[in-house]
Amino acid sequence: MSLKAQILEDIKQAMKAREQAKLATLRMLSAAIKQKEVDERVDLDDAAVLAIIEKQIKQRNEAAVQFEQGGRPDSAAAEKAEAAVLAAYLPAQLSDDEILTVVREVVSAVGATGPQDMGKVMGQAKPRLAGKADMGKVSALIKQTLSAL
């Protein structure tokens with residue numbers, strides 16, 4: 001079953017179970033997927049849907065931080081809850097050690113010699129780690145690895 005089909009099935013289940021918060025979050029995700037399909041006139045595959053989910057989670061986490069700084073813990077909790085619902089659709093996340101192993105493999109494969117090779121390394125690492133790791137964390141580990149060269 002494709003990721004889009006799974007999301008639509010989960011929307012039906014949330015309606016039957018009367019889980020309003022989950023239903024609203026999944027409907028919003030479905031709308032974002034449909035909007036992307038209409039804008040680009042394509043049928044999205046699972047990788048593209050994962051990218052949308054990651055973007056939505058990032059937006060929720062950033063909003064939660066803003067709400068906490070603004071003294072609105074109730075809104076921050078709602079954003080975190082939405083992010084948790086969305087995170088259920090991501091594949092298992094790699095540990096820092098596993099990410100570092102991939103980064104080191106890529107660094108040696110492209111022959112990186114220092115921080116000036118950040119773009120080359122990131123370009124090779126991103127497809128291998130997409131959906132499996134937070135790209136902000138990947139970027140930080142690449143910088144750390146390249147600085148040590």
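A residue counts as buried when its relative accessible area is under 20%, as exposed when it is over 50%, and as partly exposed in between (1.4 Å probe, protein chains only).

## Basis of the model

This is a predicted model, in which local features need pLDDT of at least 70 and side-chain atom pairs count only at pLDDT 80 or more, while totals for chains, interfaces and linings use all residues. Residues are numbered from 1 along each chain as its sequence is written, and side-chain values use heavy atoms, with hydrogens and water left out.

## Thr 145

With 14% relative accessibility, Thr 145 is buried. Thr 145 belongs to helix 7 (residues 135-147); helices are DSSP runs (H or I, at least four residues) numbered from the N terminus. A polar atom of the Thr 145 side chain lies 2.8 Å from the backbone oxygen of Leu 141. Leaving aside residues up to four places away in sequence, Thr 145 touches Leu 100, Val 103 and Val 107, where contact means heavy atoms within 4.5 Å.

## Packing of helix 1 and helix 3

The axes of helix 1 and helix 3 are 8 Å apart and form an angle of about 55°. Helix 1 is therefore oblique to helix 3, a class that holds angles other than those under 35 degrees (roughly parallel), over 145 (roughly antiparallel) or 65 to 115 (roughly perpendicular). Axes are lines fitted to C-alpha atoms, for helices over the stretch in contact, and angles run from 0 to 180 degrees between N-to-C directions.

Helix 1 contributes Leu 3, Lys 4 and Ile 7 to the contact, and helix 3 contributes Asp 46, Val 49, Leu 50 and Ile 53.

Key:
Helix = DSSP H or I, 4+ residues; strand = E, 2+ residues; numbered from the N terminus. Polar contact = N/O pair within 3.5 Å; in protein donor to acceptor, adjacent residues only side chain to side chain.
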